[in-house]
Amino acid sequence: MASSFEKYQKRRLITSYFSVVISIALVLFLVGLLALLVLNTKKVADHFKEQIALSIYLKDTAKEVEIDQLQKSLALAEYTKSIDFVSKEEAAKAYSKEIGEDFMEFLGYNPLQNSVDVYFNADYVSETKIAEISRDLSEKEFVDEIIYDKPLIALLNDNIKRLSFWILAVSGLLTFIAVLLINSSIRLSVYAKRFTIKTMQMVGATKRFIRKPFILKSVKLGIIGSTISLIGMGVVLYYLDQSFPELNLISDEILLAAIFAGVLVLGILISWLSTFFATQRFLNLKTDELYY
């Protein structure tokens with residue numbers, strides 16, 4: 001009978017430990033992914049900003065030397081990410097392919113113009129800065145027209161601000177919930193041993209002596225749970241980097257190391273604090289209060 005009860009207690013204890021590890025792993029996995037998302041929000045936003053182009057259309061009278069000088073000055077400008085010169089012949093081929101027929105046969109000439117597409121560094125993608133750059137470039141005599149998508153730039157910047165705010169807000173909320181979930185799991189684990197705690201206290205064991213094995217066990221479970229979450233984060237990060245290599249998600253090794261170390265420390269810290277306060281609560285209870 002006693003042997004059967006001991007086996008039951010061991011199974012119950014293993015189940016309790018397993019639930020704590022899984023809770024810690026899942027919660028820290030979510031927190032880690034949110035941390036990666038928050039810290040890479042700017043990188044993702046910059047990627048989309050740098051896809052916006054300003055097109056400079058040149059007059060047919062523009063000399064080759066003037067075009068070359070324009071390209072060189074643009075390439076050296078601090079606001080330029082990259083430039084792309086599109087000749088009127090290349091533009092005609094692309095447009096013909098787009099509409100599915102050779103429009104020059106119908107018109108008898110090529111009405112398109114040589115152009116230079118300028119892609120900006122993300123910090124310069126704003127309405128005011130691009131408008132100022134556009135004004136300066138339009139003063140050149142051989143520039144016929146400058147076109148860029150003003151509404152798209154305004155919409156992109158507004159949405160990035162809103163998205164950043166909500167990501168931070170949700171991250172803060174989920175981190176708080178994560179702490180509560182881990183704390184609840186550990187409290188339940190300690191609750192199952194409340195009578196053992198009170199028995200040790202009644203035979204003269206000090207509070208520190210009683211807390212020590214519980215804290216050590218919880219810290220071990222915290223490390224195991226954190227390790228599982230870090231493995232999951234590594235797999236997801238590797239998949240995202242393979243799917244979106246242009247974002248360079250794993251290029252900043254110091255930042256990634258800080259996030260991974262932070263998740264590990266968070267798992268240990270929450271486990272330690274939760275166990276400390278849970279055991280302290282049961283140590284301060286009277287014997288008859290343990291049944292409630």
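1. Start with Asp-149. In this predicted model, Asp-149 sits in the loop that links β4 (143–147) to α6 (150–191). Is Asp-149 buried, exposed or partly exposed? Its relative accessible area is 38%. Buried means under 20% and exposed means over 50%, so Asp-149 counts as partly exposed.

2. In sequence, Asp-149 and Ser-55 are 94 residues apart. In space, their C-alpha atoms are 9.7 Å apart.

3. Turn next to a helix pair. Two packed helices are described by the angle between their axes and the distance between the axes. For α8 and α9 (residues 253–284), the angle is about 150 degrees and the axes lie 8 Å apart. Angles over 145 degrees count as roughly antiparallel, so α8 is roughly antiparallel to α9. The crossing of α8 past α9 is right-handed. Which classes of residue make up this contact? There are 17 nonpolar, 11 polar and 2 charged residues.

4. The largest share, 7 residues, comes from α1.

5. The second largest pocket has a volume of about 270 Å³. Its lining consists of 13 residues. Nearest the centre are Leu-36, Leu-37, Asn-40, Leu-240 and Leu-249. By class, the lining holds 11 nonpolar and 2 polar residues, with no charged residues.

Definitions and conventions
Residues numbered from 1 in each chain as written. Predicted model: local features only at pLDDT ≥ 70, side-chain atom pairs only at ≥ 80, totals over all residues. Heavy atoms only, no water. 1 Å grid on protein atoms, 1.4 Å probe; cavity = no way out; pocket = protein on both sides within 12 Å on 5 of 7 lines; lining within 4 Å. Points joined across faces, edges and corners; volume = space filled by probe spheres on them. Helix = DSSP H or I, 4+ residues; strand = E, 2+ residues; numbered from the N terminus. Nonpolar A, V, L, I, M, F, W, Y, C, P; charged D, E, K, R; others polar. Axes fitted to C-alpha atoms, helices over the stretch in contact; angles between N-to-C directions. Parallel < 35°, antiparallel > 145°, perpendicular 65-115°, else oblique. Left-handed = near helix turned anticlockwise from the far one by under 90°. Buried < 20%, exposed > 50% of the residue type's maximum accessible area, 1.4 Å probe, protein only.
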